[in-house]
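Could you put this one up on your screen before reading on?

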Amino acid sequence: MHSKQPKNDWQTAGMARRAKGWLAGSVTLGGMAAVLFVLHLTLLAGLVDDLTFKGASFAAEQHTLLLLLACLGGSLFLQWLADMAGTEAGLRIAAHVRRDALRHLFRAGPVGCTTLPAGRILTTLTEGVDALEPYFAQYIPRAAMMVVLPLLILAMVFHLDGWSFVILACTGPLIPVFMALVGYSAQSIMDRQWMQLVVLGSSFLDSLRGLSTLRLLGQTEASISRMAAATNAHRASTLSVMKIAFLTSAVLEFFSSLSIALVAVVFGARLLSATVDFRSAFLVLLLAPEYFMPLRAFSASYHARQNATAAAARLADLFALPEMTQPESQPRLTHTRNHPIAHLICSDLTAGYPGQAPAFQALSCTLSRGSLTVITGESGAGKTTFLRLILGFLQPSSGQITACDTTGAPLEVWQSHTAWVPQRPVMTMGSIADTLRLAKPNATDAELHAAAQQADALEFIEALPQGFATSVGERGACLSGGQIKRLALARALLSNPDILCLDEPTSDLDPASALRVAHAIRCCSANRIVLVATHHADMVALADQCLHISDGHGELFSAPQRACA
Ligand SMILES: Nc1ncnc2c1ncn2[C@@H]1O[C@H](COP(=O)(O)OP(=O)(O)OP(=O)(O)O)[C@@H](O)[C@H]1O
């Protein structure tokens, strides 16, 4: 029950490996663009010198001019390609990380995911992954360019003039040193800003989910005040980050302007005393701002590195969620329907949650096709935990579950033939048909009708103004509790599962609706194994057998009315 990814794979270096070709392309193209740019400056210095001081005619310099324009055009074009490759790398890495994170969340399943707040998972997958994009698209190529271009220019200046070389070589390294110092102190502010963003996201999510509860409890004003406080805290820390960013660029501007001015003054004095030629002086003055340009660009994207580091730490938390489900979910309904699941044999099952005593121990029972089994027990006895084992959302700490087909042969792949109706079924935005087709995307209209009929949902669906095309609203807002439960049952039945698990399908329903749902469940247990966790007496009365869980032990009774009522 651990992540298969190496631990450092969710550090930025590990992620970079996923688009290393594009990153290498961006850096190489950027380097070539820099070389062409320096070449164009060299040609420009020579051209101006020849035309101004050497008396050369414009016609004689035509070739140099064309070459200069070609170098400039080539440099701009290569830089554009480098930016495109960097952006592609950033987008690809973000897409890879988002996909892998979702896969990991599916492997962690509903049980593993409960250890991280939903708002935090959401913020990590949205803002967190978005923060990776500028890091790979801008920061990495600029960091590489910060080494390549200044070294190239330094080598040229060394060749042209010793004094200028000394000035640039002394002031240049001050910038990365200063950046490292600023970065060190800024990281804690960035972390704080990230945490405040998570708090803000979680508060929004909680308020939206609990809108009616907050209103009923008269807490709307208090909730608005809490949101305002969280927004203010986030605003204040964002401003602190901005202050650091402005301070950094101001200091960089100061250092670079100072050293360019120094170079200019030194050259000016030596030009006056005729101890240096114009071509070299002009070229060094053209090169000096370019020497600082990559350092400035690097500093402008430095906050991208800090954002990405903070996001990588949050992603590492997400990837550290324990894997509770089967390593790979099997494709649904792949085995031949000639031999459906006939028996589910649970032998000595012990299960629970990390850091807690087992919910139950050594639970054994056999569940057969065509039977409706209710799981009863006090609240917290372990009914849902048992269903989670059957569904593969949780692995038993000992014991095993074996599925056999009608010939008595054990089946390797069987959990993909299960369907589940949770305590609070989730309806997605879209029509009733859309939400039903989640279970079987290519289901025909006739299949939708049949499933709805089986779940006793057809009557109310057809009574709606637009029938199956009616929009259910987010989380089934336009439907009653009983209608949502029957729709969720219809959705589960659409995939024609061999095993159907239902968790409290009649809870929160009025007696008439609860009875209708219970009868619908009874009717669909004819050719499958149906398991229902319930406290509802009518549901128990309709069952063939009852698995009663109490004090960590489970016992199967075949006369539910007497044993469990
Ligand atoms: N995700 C979880 N993480 C940690 N502990 C959990 C988790 N889910 C349930 N538990 C604990 O496991 C025990 C069994 O819970 P379970 O949900 O299986 O009970 P239940 O019989 O279905 O209860 P109810 O009838 O109230 O739904 C309880 O003590 C519960 O607190």
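1. Some ground rules to begin with. This is a predicted model, where local features need pLDDT of at least 70 and side-chain atom pairs count only at pLDDT 80 or more, while totals for chains, interfaces and linings use all residues. Numbering starts from 1 along each chain as its sequence is written.

2. Have a look at helix 2 (residues 20–52) and helix 3 (residues 62–112): their axes sit 7 Å apart and the packing angle is about 160°. Helices here are DSSP runs (H or I, at least four residues; strands are E, at least two), numbered from the N terminus. Axes are lines fitted to C-alpha atoms over the stretch in contact, with angles from 0 to 180 degrees between N-to-C directions. Helix 2 and helix 3 are therefore roughly antiparallel (over 145 degrees; under 35 is roughly parallel, 65 to 115 roughly perpendicular, the rest oblique).

3. Still on that pair, helix 2 and helix 3 cross in a left-handed way (the near helix is turned anticlockwise from the far one by less than a right angle). In the contact of helix 2 with helix 3 there are 21 nonpolar, ten polar and two charged residues. Nonpolar covers Ala, Val, Leu, Ile, Met, Phe, Trp, Tyr, Cys and Pro, charged covers Asp, Glu, Lys and Arg, and the others, Gly among them, are polar.

4. Glutamate 504 has a positive phi, about 45°, without being a glycine. It sits in the loop between strand 7 (499–503) and helix 17 (511–523). Buried or exposed? Glutamate 504 counts as buried because it has 20 C-beta neighbours inside 10 Å (buried is 20 or more other C-beta atoms within 10 Å, exposed 12 or fewer, partly exposed in between, with C-beta atoms placed from the backbone).

5. Aspartate 551 also has a positive phi, about 50°, and is not a glycine. Its loop runs between strand 9 (545–550) and strand 10 (553–557). With 10 other C-beta atoms within 10 Å, aspartate 551 is exposed.

6. Last one: alanine 118, in helix 4 (residues 118–130). Alanine 118 and serine 202 are 84 residues apart in sequence, yet 7.1 Å apart in space, C-alpha to C-alpha. Alanine 118 has 14 other C-beta atoms within 10 Å, so it is partly exposed.
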